[in-house]
Amino acid sequence: SSSTPRTGRASETPGRLATQIANVLKGKHKPIYTPSMDCGDFVVVVNADKVKITGRKLDQKFYYRYSGYPSGLTAISLRDQLKIHPERVVEDAVMGMLNRNRMRRQLIRKLKVYAGPQHPHQAQQPKPFPLA
């Protein structure tokens with residue numbers, strides 16, 4: 001069910017933000033929630049570049065991509081990832097919170113993350129979602 005998208009401000013740690021986003025994507029905030037059905041909402045996250053990072057994760061946490069070719073493993077630190085693609089940090093955190101099944105791809109398509117405060121979804125009249 002595609003209902004109105006919700007917007008949230010990314011001004012907390014990626015993990016805490018991701019759990020709340022994953023629950024909205026799954027539809028756990030609704031009384032009609034069924035684990036095997038997609039009854040969640042679309043989620044629009046703005047200001048992903050303002051996410052808080054605690055501890056020494058900026059230099060110790062790495063994101064890995066593999067091209068499939070020999071010596072095709074690319075590692076990028078969290079600090080560099082936040083400079084280049086801050087939206088991927090939030091997307092990866094949410095991806096890790098979703099169940100590893102077929103519905104995961106379906107749910108992640110309903111997540112829209114933007115580094116700055118601007119997003120092209122004003123026509124859908126998104127409602128702000130209170131972060132607990």
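α1, with 13 residues, spans 18 Å from its first C-alpha to its last, close to the 18 Å expected at 1.5 Å a residue (the expected span is 1.5 Å times one less than the number of residues). Helices (H or I, at least four residues) and strands (E, at least two) are DSSP runs, numbered from the N terminus. The model is predicted: local features need pLDDT of at least 70 and side-chain atom pairs count only at pLDDT 80 or more, while totals for chains, interfaces and linings use all residues. Residues are numbered from 1 along each chain as its sequence is written, and side-chain values use heavy atoms, with hydrogens and water left out.

The buried residues of α1 are Pro 14, Leu 17, Ala 18, Gln 20, Ile 21, Ala 22, Val 24, Leu 25 and Lys 26; buried means under 20% relative accessible area, exposed over 50% and partly exposed in between, with a 1.4 Å probe and protein chains only. Just after α1, Gly 27 has a positive phi of about 95°.

The largest nonpolar core contains 17 residues, and Ile 21, Val 43, Val 45, Val 90, Val 94 and Leu 111 have the most contacts inside it. Such a core is a set of buried Ala, Val, Leu, Ile, Met, Phe, Trp, Tyr and Cys residues joined through side-chain atoms within 4.5 Å. At least two residues of this core come from each of α1 (14–26), β2, α4 (86–97), α5 (102–108) and β5. α1 gives the largest share, 6 residues. Leaving aside neighbours within four places in sequence, Ile 21 is in contact (heavy atoms within 4.5 Å) with Val 43, Val 45, Val 90, Val 94 and Leu 111. A second, separate core of 6 residues includes Tyr 63, Leu 78, Leu 82 and Val 89.

Two non-glycine residues deserve a look. Asn 47 has a positive phi of about 60° and lies in the loop between β2 (43–46) and α2 (57–60). Is this residue, Asn 47, buried or exposed? Asn 47 is buried, because its relative accessible area is 13%. Gln 125 also has a positive phi, of about 50°, and is found in the loop between β5 (111–113) and β6 (127–128). Gln 125 is exposed, because its relative accessible area is 59%.
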